[in-house]
Amino acid sequence: MSGGEGKKGGREGEDDLDWINDMPTYGGGEADGGAFQLPEPSDQSRRRKPVLLGEEMTPALKDRITAVMIDAFDNYQIQDVEKMVARLWAAGPEAGPDGSTLARLKMLTEEVESIAAESRRRYGTPGASFEDLYEGLRVARSRVRMYGKDADALDPDSWVSFLNDLSKGGKKEGGDGKDGGEQGG
């Protein structure tokens with residue numbers, strides 16, 4: 001790999017992680033303003049961590065996030081997705097590795113809802129294009145899955161939780177002891 005080939009999807013001069021973890025804009029920087037006529041986000045807003053206040057954690061918001069996650073995790077049982085949401089919800093507004101998982105899921109839920117509203121608006125228009133909406137929905141669902149998987153770290157029976165315990169120097173009991181060795185510590 002030579003020169004600039006290592007950076008995928010990044011923009012010149014941006015930190016890879018900032019670009020990878022920013023919220024989708026659904027074409028906001030295109031010449032036509034994108035599907036929703038969104039302005040190009042400033043570099044500062046792109047790097048700002050979203051915040052969810054405790055009073056925003058309403059049962060209605062939980063239901064909306066759950067519905068979007070059930071759609072995004074379409075290969076999971078509904079009960080498993082509901083457990084994921086419940087674990088994130090129980091962790092509070094600062095759930096997730098950087099404390100913004102629920103805030104990001106809220107933003108993505110709003111994005112999915114706005115895509116659905118735009119789709120309904122275009123539905124009766126002859127010759128209307130839906131390609132940008134399909135792409136926007138695909139990106140949003142992918143990001144919902146990415147942030148929704150943060151719930152695995154909150155599940156004490158998850159391998160992610162096990163690995164997190166090990167990385168923090170904790171000792172997790174388990175196995176049948178037949179491996180012939182002791183867990184180091």
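This is a predicted model: local features need pLDDT of at least 70, side-chain atom pairs count only at pLDDT 80 or more; totals for chains, interfaces and linings use all residues.
Residues are numbered from 1 along each chain as its sequence is written, and side-chain values use heavy atoms, with hydrogens and water left out.

Back to helix 4, then. Which of its residues are buried? They are Val81, Met84, Val85, Leu88 and Trp89, with buried meaning under 20% relative accessible area, using a 1.4 Å probe and protein chains only. Looking down the axis of helix 4, these buried residues fall within an arc of 130°, so they line one face of the helix; the arc is taken from the directions from the helix axis to the C-beta atoms. As a reminder, an α-helix has 3.6 residues a turn, so residues three or four places apart point the same way. The cover over that buried set includes helix 3 (59–72), helix 5 (101–123) and helix 6 (131–148). After helix 4 comes Gly92, with a positive phi near 90°.

Now the core. A nonpolar core is a set of buried Ala, Val, Leu, Ile, Met, Phe, Trp, Tyr and Cys residues joined through side-chain atoms within 4.5 Å. The largest one has 23 residues, and Met69, Leu102, Leu105 and Val144 touch the most other members. Helix 3, helix 4, helix 5 and helix 6 each give two or more residues to this core.

Take Leu105: what does it contact, leaving aside neighbours within four places in sequence? The partners are Ile65, Met69, Leu88, Val144, Tyr147 and Gly148, where contact means heavy atoms within 4.5 Å.

Do have a look at Thr109 too, in helix 5. Thr109 is buried, with a relative accessible area of 1%, and touches Arg64, Ile65 and Val68, not counting residues up to four places away in sequence.

Finally, let's zoom out. The protein chain has seven helices and zero strands. Of its 185 residues, 32% are buried. Among contacts between residues at least 6 apart in sequence, 62% join residues at least 24 apart. Thanks, everyone!

Methods:
Buried means under 20% relative accessible area, exposed over 50%, partly exposed in between (1.4 Å probe, protein chains only). Helices (H or I, at least four residues) and strands (E, at least two) are DSSP runs, numbered from the N terminus.
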